[in-house]
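Please brief me on the ligand site in this model.

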Amino acid sequence: MATGTLAQMALAAVPRRPQMLIGGKWVDSDSGETFATFNPATGEKLAEVPRGGTADVDRSVQAAQQAFPAWSRTEARERGKLVARIADKLREHADELGLLDALDSGNPYKAMKGDAILAAEFLDYFAGLALEIKGDTIPSPGNTLNFTLREPYGVVGRIIPFNHPIYFAGGKIGAPLVAGNTVILKPAEQTPLSALVMGKLIEGILPPGVLNIVTGDGPLTGETLVRHSGVRKVALTGGVETGRAVMRNAADAIKSVTLELGGKNPMIVFPDVNLEEAVESAVAGMNFGWCQGQSCGSTSRLFLHESIHDSFLEKLVARVRRIKIGSPLAEDTEMGSLISRDQYDKVMGYIELGKKEGARLVTGGKKLAGEEFARGFFVEPTVFDGVSMSMRLAREEIFGPVLSVLRWSNREQVIAEANQVVYGLTASIWTNDISLALDTARRVEAGYVWINGSSRHFFGAPFGGYKQSGLGKEESLEELLSYTQVKNINVNVRP
Ligand code: NAD
């Protein structure tokens, strides 16, 4: 389809007057305040969205509390069936949601349509796990019966970031809802639209108050939600600093938190690999073509063995230069715009820093040329060589299309360097020697490790970070159970 037609369809998907969903009703913020959301590829304002404040968070908590008793007592299978109906809606409207997110986030439309479908798949996955919310029977003395129940927490605050708007808005409500909690979803301030549209699409599926959607920025709306005494659990997908704030604010009420945070993930390439395959994987691992490298799991530190370093780098640079960067709404676009001026400044700042620190810029590093890109935040896919772990470039999460190449010769040292960051989310290891691969996988400090692969997630495989990359696991049974608390019951059985 022509880009012009897609642009018209995308604009048609933008809600004319976005409102928040609280207690089954569409409402403005109590204060009447709004904030603007923009198309980062053009700088155009898309909509004014309610800025949820204390009164709105209060209202949403009350609505969620009122809905909780009936929802938690609804049969788990029935909850699963309703969640699966949400999945159907997302699948049915994947085009519209993908176009909307392409406008609101700058990510390529095709990737965002894929995200809507992925969200539906995760909802289906959790719907299918409904009967796994079960307890244990514990061997107990004499005439006693001892068993556990898994019970929902109550009201859950679900706070999500900007990089995969509909994937997170849809996919991350499945587990808490199926587990019997009621949810307050807070989308990112940069990308609030698709969550609100999802709310409209699924109207009538869930009882009022079971899912509430409150928009606003982090410190105001997010913090109020985390601090609220009526919210019994908070799950954040976001940055490490935000994770710290959430933990601190949850501490007063000793609230359960799940934190899915940032990464600075290593990909370690041994000399025996198929170079073409590994180069493809290095590019896929960076998520250049999904969200411009703005991904927590991006393998942004590429450790190349010295014996293959030059030939690998040559192929890598050639491949990276073929990535098609352009309008998020063009069918053939592989890489779109960064999310905002702030993110653009941050990424360009790191590129300048890398040069100052003595790394060698081998490709990219500039804003995309051309009148049509002038008001957007398009940064070329960028590769630095000659990076060392003493550089901030190698230690800090950039969250953008910047790949650092480090050369290695000694395996002990490369493992130590891979672990020399505060993060520990993902890692990728490339070798055909299975013993070497497994030994390295066990020694690398990361929660999700690919051997001869990268970037792909697997349903049911627990995803989550070590060290400062987070607390808890998602995308798996562990995620579902993390939205339950265990009650033990002991019965004295009368003989
Ligand atoms: P962010 O931390 O700035 O914001 C995430 C969400 O938290 C937003 O909804 C924001 O409004 C809210 N927020 C901000 N401050 C808050 C506070 N004090 N209290 C409560 N809520 C608050 O992150 P971002 O810029 O939207 O996303 C980028 C970050 O997210 C990166 O660090 C990335 O690695 C991380 N991320 C992690 C995963 C994962 O699964 N581990 C996935 C995607 C993104």
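This is a predicted model: local features need pLDDT of at least 70, side-chain atom pairs count only at pLDDT 80 or more; totals for chains, interfaces and linings use all residues.

The ligand lies between domain 1 (3-261 + 470-487) and domain 2 (266-458), because both give residues to the shell around it. The structure holds zero disulfides.

**Ligand shell**
- The ligand is surrounded by 31 residues.
- Ile160, Glu189, Thr242, Leu261 and Glu397 are the closest.
- By class, the shell residues are 17 nonpolar, eight polar and six charged.
- With five residues, α9 gives the most.

**Backbone contacts and burial**
- Leucine 261 places a backbone N or O atom 2.7 Å from a nitrogen atom of the ligand.
- For glycine 239, a backbone N or O atom lies 2.8 Å from an oxygen atom of the ligand.
- A backbone N or O atom of phenylalanine 162 is 3.4 Å from a ligand oxygen atom.
- The ligand exposes 850 Å² when taken alone, and the protein buries 90% of that.

**Cysteines**
- For cysteine 291, the closest cysteine sulfur is that of cysteine 296.
- The two sulfurs are 8.3 Å apart, so they are too far for a bond; a disulfide needs a pair within 2.5 Å.
- Cysteine 291 is buried, at 0% relative accessible area.
- Cysteine 296 has 19% relative accessibility. This residue therefore also counts as buried, since the cut-off is under 20%.

Terms used. Residues are numbered from 1 along each chain as its sequence is written. Side-chain values use heavy atoms; hydrogens and water are left out. A residue is near a molecule or strand if one of its heavy atoms lies within 4 Å of it. A polar contact is a pair of N or O atoms within 3.5 Å; within protein, one must be able to donate a hydrogen and the other to accept it, and residues adjacent in sequence count only if both atoms are side-chain atoms. Accessible areas come from the Shrake-Rupley method with a 1.4 Å probe; for residues, only the protein chains shown count as cover. Helices (H or I, at least four residues) and strands (E, at least two) are DSSP runs, numbered from the N terminus. Ala, Val, Leu, Ile, Met, Phe, Trp, Tyr, Cys and Pro count as nonpolar, Asp, Glu, Lys and Arg as charged, and the others, Gly among them, as polar. Domain bounds come from an automatic or database domain assignment. Buried means under 20% relative accessible area, exposed over 50%, partly exposed in between (1.4 Å probe, protein chains only).
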